[in-house]
Amino acid sequence: MTAQEIRLCGLLLQEHFGEMVEKVGTHLLRSGAQNLRTIVQETNLSVDLVKKCLCVLVQHGACCFTSGRKGPGSPTEYRACCDRILRVLRYPRYIYTAKTLYGDTGELIIEELLQRGHMTMSSTVKTVADRLTQNMEEGHSMDYSEVSSTFSKLVETHFLQRCPPVGGAGTSGSAAPAAAPAASFPECYSVPHLSLIGRGKRQLVPENGEDQRNAKRAKMDTETHGDEGIYWQVNFERFHQHFRDQAIISAVANKLDQTSSEIVRTILRMSEVTTSATAACTKPLSANEIFRSLPASYNIPRHILDQYLTLLVDDPMEFVGKTGESGGGMFVVNLHRALANLARATIESIVQERFGSRSARIFRLLLRKRHLEQKQVEDFAMIPAKEAKDMLYTLLSHNLVQLQEIPKTPDFAPSRTFYLYTVNQLPTARMLLQNCYKTVANLIERRLFETKENKRLLEKSQRIEAILASLQASGAEPEQLSEVEEMISAPEKQQLDVLKLHVNKLDSAENQVDETVFVLESYVSSTSTS
Amino acid sequence: MAEVKVKKETNLSEPAEIENRIKELCQQFPQGITDQVIQNDLPHLEPQQRAMALNKLLSLGQLDLLRNSSGLLYRLKDTQSASKMKGSDNQEKLVYQIIEDAGNKGIWSRDIRFKSNLPLTEINKILKNLESKKLIKAVKSVAASKKKVYMLYNLQPDRTVTGGAWYSDQDFESEFVEVLNQQCFKFLQSKAEAARDGKQSPMVQRNSSFATSHEVWKYICELGISKVDLSMDDIETILNTLIYDGKVEMTVIAAKEGTVGSVDGQMKLYRGVNAILQPTGLVKTPCGLCPVFHDCHEGGEISPSSCIYMSEWLDF
């Protein structure tokens, strides 16, 4: 929980849940596990407010509670999870993935679950059906069964999972339920039988007062569908596996060719649900199985497939490895090694863009050869001595390169010591990860600043849009509409466009940096488990 | 009457005779004779006399004293070099010998002083003398430009001193290296592309995209962009820099001892590759390249809200 991570979490909580939740959340992140009374005292908020904030955090899985440290009788303690809050940054990517895999229905299901945290299947299906019906033409509506089938598909491929059952606080001091990995209980992925029949309801265009009443009424909907108490949440680990597979496939496509990447995609698809999230390699698959599971459009003869597999195994990147000869050869995808290679390429590209291609040459040289003296660096990289020295010192000052002293005499006298330059991949990756967090926080702050600067203008444009919409609904004449539109002058319109452009750019930049964060995070976590 | 073979007994008590005998032995064994050999040949020669004769020959400059793993060796000095030193005195001969021993790496004046135990002023005088007689020369070392090493006049300086093909007059030729770099890369890249367009089976495609270091060397020689003759090792150092640039990868295969370009039964193959990753997301933002990244804090003088780099980037 570094300072940068806490800053970023604070900004994300504020944007998505509001200031109060942010206050409670950052306080918990900074101080570790605390009980309710301490939180209330230290944040100077009322007990009710703190309780509500904690509820929000628990609902989204960002906070877990355990029985107190002093034994079963002491008050429960709450602890915030920094990782879970950082996932909020990746929500757009999850939703987009669901859309590409399962269409609009899947996209809306995932979106609803991400917004609400935990939901029952029935309420999800109903809400999604309503939303889909809203966007369909008059007279059509979405059937519940369609949505349910998409939901079941999502569960089958493990993108959704049941929330782990929570033991009551105060029971015999067992370990925090949220600490146990969610996949460890057996009914994680079993879809309950639902008696859910019907179609989505189209929402009428509401007046402001009616809207609130409708919303309140929906909440007191007391139909039961046989799945009370079974709540579902999004399985982030599975999405991360998917992203990791995508990264590996595109790397293979870049390095080799399209067909090799298709073969790797097939292998990864076949091992999707059989490989655990932290495994170093996928389960071995025989060449026969791979041949049978290749997509039908790629009808390559068997011996060509064997050649491709041999080439993949021989490639110095070591994405695919051969573990045996039975069944025509058993092949695995080396996940940890692939992640290490991707992280290495990411770090190299950062050095290249920031410091130039010659510094990148020196960096790669040091990555390969581990420890080198000043003179050797100059010789191997074929860079004149003065420039090489300059570049090495720049890299050293940015902590991307370290100096190792090997003394000839016990007194470390400079003239009698060897100074070797070296690069350690893991600490460098961690450092760059923190830089990424800081960058994202900077981008968010800039976006908030830009919107704040133009707040007056935004409010004005919103008011005018509301007036236009109401005028159109009540059937106004074109002159009235154009009169209202003219209330915004042309330069103001231009300013609004510029603002929109800026905000979009900052948003998309956040997503791009998040991709880097994903690669580096996966690499760091893969090394910690191995 | 039987012929009495009269063995001409050389009178071995004469010092001149001893010296001549030693010189004959040296001629018999051009690579040098040890003390043991002399003793075997002249078994009843006393060690004192032997030593005296050897010393005389050494001071006359007709014998060279060398040391190898088993002991001291005496070698006949060829008469041509012996005549060169006629005008010099002992000190100069000593200094000359030290410089000769250093071979083509040369020796620094301070090292000469250590080896000969002569004072600095003497050394300088002698060195100037020898240089004017055109017996030695000074060569500037590329590692430390102020240092001068001395070596015999007609010797070629070693690569470590002049830097080899990449240095011309103590300057590292970076443009030359760059040009070679790009040419090698283009050659390998075009070979890889040709292989890819061939649309044959993948194994054949990959094998034909490889080029041995020998092929690259021939290509560069034929291009004729280099004024200096480049050896295969030079080309390999250039190809290594391409590997460190991430543009090329190398494999080593076993090759038959006769095939062209193989060294010790191995051949190095090079092939152009593409990067496995596009430039990563972090560097697409100004923060990824910002020079004052660590000074940036909200509320400080450099902050995201007031960042000029961000403003420029947003207006781009």
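The following legends describe several close-up views of a predicted model.

**View 1. Chain A as a whole, with its helices, strands and surface.**
In this predicted model, chain A contains 21 helices and 12 strands. Of the 530 residues in chain A, 46% are buried. Among the contacts in chain A with a separation of 6 or more, 66% are between residues 24 or more positions apart.

**View 2. An open sheet of 3 strands in chain A, with a helix packed on it.**
The strands of this open sheet in chain A follow the order 1-3-2, and their pairing is antiparallel. Strand 1 (34-35) and strand 2 (63-66) of chain A stand at the edges with a single partner strand each, so one side of each has no neighbour in the sheet. Helix 2 (residues 19-31) of chain A packs on the sheet and touches strand 1, strand 2 and strand 3 of chain A, while the direction of helix 2 makes about 95 degrees with that of strand 3. Strand 1 of chain A pairs with strand 3 (residues 77-80) of chain A in the antiparallel sense, over 2 bridges. On strand 3 of chain A, Glu77(A) is the bridge partner of Asn35(A).

Arg131(A) and Glu111(A) form a salt bridge in which the closest N and O atoms are 3.3 Å apart. Because Arg131(A) lies in helix 7 (residues 121-135) of chain A and Glu111(A) in helix 6 (residues 91-116) of chain A, the pair ties together parts that are 20 residues apart in sequence. Arg131(A) counts as partly exposed, since its relative accessibility is 29%. Over all chains, the count of salt bridges comes to 30.

In another salt bridge, formed by Arg337(A) and Glu318(A), the closest N and O atoms are 2.5 Å apart. This pair links distant parts of the chain, 19 residues apart, with Arg337(A) in helix 14 (residues 335-355) of chain A and Glu318(A) in the loop between helix 13 (302-314) and strand 8 (320-324) of chain A. Arg337(A) is partly exposed at 43% relative accessibility, and Glu318(A) is also partly exposed, with a relative accessible area of 33%. Elsewhere, Glu15(A), Arg447(A), Asp507(A) and Glu510(A) are joined into one network by salt bridges that share partners.

**View 3. Thr439(A) and the residues of both chains that it touches.**
Thr439(A) is placed in helix 18 (residues 425-453) of chain A, and with a relative accessibility of 0% Thr439(A) counts as buried. Leaving aside residues up to four places away in sequence, Thr439(A) touches Val513(A) of chain A, and also Leu282(B), Thr285(B), Cys287(B) and Phe293(B) of chain B.

**View 4. A nonpolar surface patch on chain B.**
Val179(B), Leu223(B) and Ile225(B) make a nonpolar surface patch of about 210 Å². One of these residues, Leu223(B), is found in helix 11 (residues 213-223) of chain B. Leu223(B) has a relative accessible area of 36% and is therefore partly exposed.

Conventions: Residues are numbered from 1 along each chain as its sequence is written. Chains are lettered from A and ligands numbered from 1 in the order in which they are written. This is a predicted model: local features need pLDDT of at least 70, side-chain atom pairs count only at pLDDT 80 or more; totals for chains, interfaces and linings use all residues. Side-chain values use heavy atoms; hydrogens and water are left out. Patches are made of residues with over 30% relative accessible area and no salt bridge: like charges are joined within 9 Å, nonpolar side chains (Val, Leu, Ile, Met, Phe, Trp, Tyr) within 5 Å. Accessible areas come from the Shrake-Rupley method with a 1.4 Å probe; for residues, only the protein chains shown count as cover. A salt bridge is a side-chain nitrogen of Lys or Arg within 4 Å of a carboxyl oxygen of Asp or Glu. Helices (H or I, at least four residues) and strands (E, at least two) are DSSP runs, numbered from the N terminus. Buried means under 20% relative accessible area, exposed over 50%, partly exposed in between (1.4 Å probe, protein chains only). Contact means heavy atoms within 4.5 Å. Two strands pair if DSSP finds at least two bridges between them. Axes are lines fitted to C-alpha atoms, for helices over the stretch in contact, and angles run from 0 to 180 degrees between N-to-C directions.
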